Amino acid sequence: MAKQKYYVVWNGRKPGIYTTWAECEKQTKGFQGAAFKSFPTQSEAVQAYNQGAASRSVSNGKSGASALKSSTAAPIDENSISVDAACSGNPGMMEYQGVDTLTGERIFHYGPVFGTNNIGEFLGIVHALVMLKKLGKDTTIYSDSMTALSWVRNKKANTSLKRDHRTEELWQMIERAEAWLKANTYKNKIIKWETHIHGEIKADFGRK
């Protein structure tokens, strides 16, 4: 019987510690700049994850092992909104929220509805943008989802979620969000939250 391994993902779709290669691969396969490594014990994995990827030899996709440069990130803008989503299954019952990055106080929330985590992350960012536009504020927005950031940048949610009676309302929200992005400009910075440096994003639902 194969020994249990623990997989640390410093840079991937959802950084964290995973107990199977399948979970690790899901977070890193095809992800540009993926940084991950396996450890024989949970304590070693936790220590490595907390220390970040600095000065560690990690796997980078299928290109073999390489040394990742020390991780650096700009200081957190405390006058900001952090958004995140949670999904029970994928697709499954999804919800998203935005919170004050400094205090953790909830600013908005939507769901649960049937959808996917990526859709929730995308709609959370757009929800924050729409709200801040109405208030005339250029507040920074944080998200830990590279996929959602890409969708916002491209003004298109590249989802394969089936459109049916369960998802019709959500699909209408997606279309409104895409239309808003195409029709509006904004000065807000939308920044990738670096989980391996700062820990879980403040809007995290704490269900991992």
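Colleague: Hi! Which strands does α5 lie across?
Modeller: In this predicted model, α5 lies across β7 (92-100) and β8, and runs at about 130° to β8.

Colleague: Nice. What order do the strands of that open sheet come in?
Modeller: The order is β8-β7-β6-β9-β10, so five strands by DSSP pairing, and the pairing is mixed. The edges are β8 (106-115) and β10 (190-192), each pairing on one side only. From one strand to the next, the twist averages 20°.

Colleague: In what sense do β6 and β9 pair?
Modeller: Strand β6 (residues 80-89) and strand β9 (residues 140-143) are parallel partners, joined over four bridges. Ile81 stands opposite Ile141 in β9.

Colleague: Back to the helices. At what angle do α3 and α5 pack?
Modeller: Helix α3 (residues 117-135) and helix α5 (residues 168-183) pack at about 50°, and their axes are 10 Å apart. That angle makes α3 oblique to α5.

Colleague: And is the crossing left-handed or right-handed?
Modeller: The crossing of α3 and α5 is left-handed.

Colleague: Which residues make the contact?
Modeller: On α3 they are Ile119, Phe122, Leu123, Val126, Leu129, Val130 and Lys133. On α5 they are Leu170, Met173, Ile174, Ala177, Glu178, Trp180 and Leu181.

Colleague: How many of those are nonpolar, polar and charged?
Modeller: The contact of α3 with α5 has twelve nonpolar residues, two charged ones and no polar ones.

Terms used
Residues are numbered from 1 along each chain as its sequence is written. This is a predicted model: local features need pLDDT of at least 70, side-chain atom pairs count only at pLDDT 80 or more; totals for chains, interfaces and linings use all residues. Side-chain values use heavy atoms; hydrogens and water are left out. Axes are lines fitted to C-alpha atoms, for helices over the stretch in contact, and angles run from 0 to 180 degrees between N-to-C directions. Helices (H or I, at least four residues) and strands (E, at least two) are DSSP runs, numbered from the N terminus. Angles under 35 degrees count as roughly parallel, over 145 as roughly antiparallel, 65 to 115 as roughly perpendicular and the rest as oblique. A crossing is left-handed if the near helix is turned anticlockwise from the far one by less than a right angle, and right-handed if clockwise. Contact means heavy atoms within 4.5 Å. Ala, Val, Leu, Ile, Met, Phe, Trp, Tyr, Cys and Pro count as nonpolar, Asp, Glu, Lys and Arg as charged, and the others, Gly among them, as polar. Two strands pair if DSSP finds at least two bridges between them.
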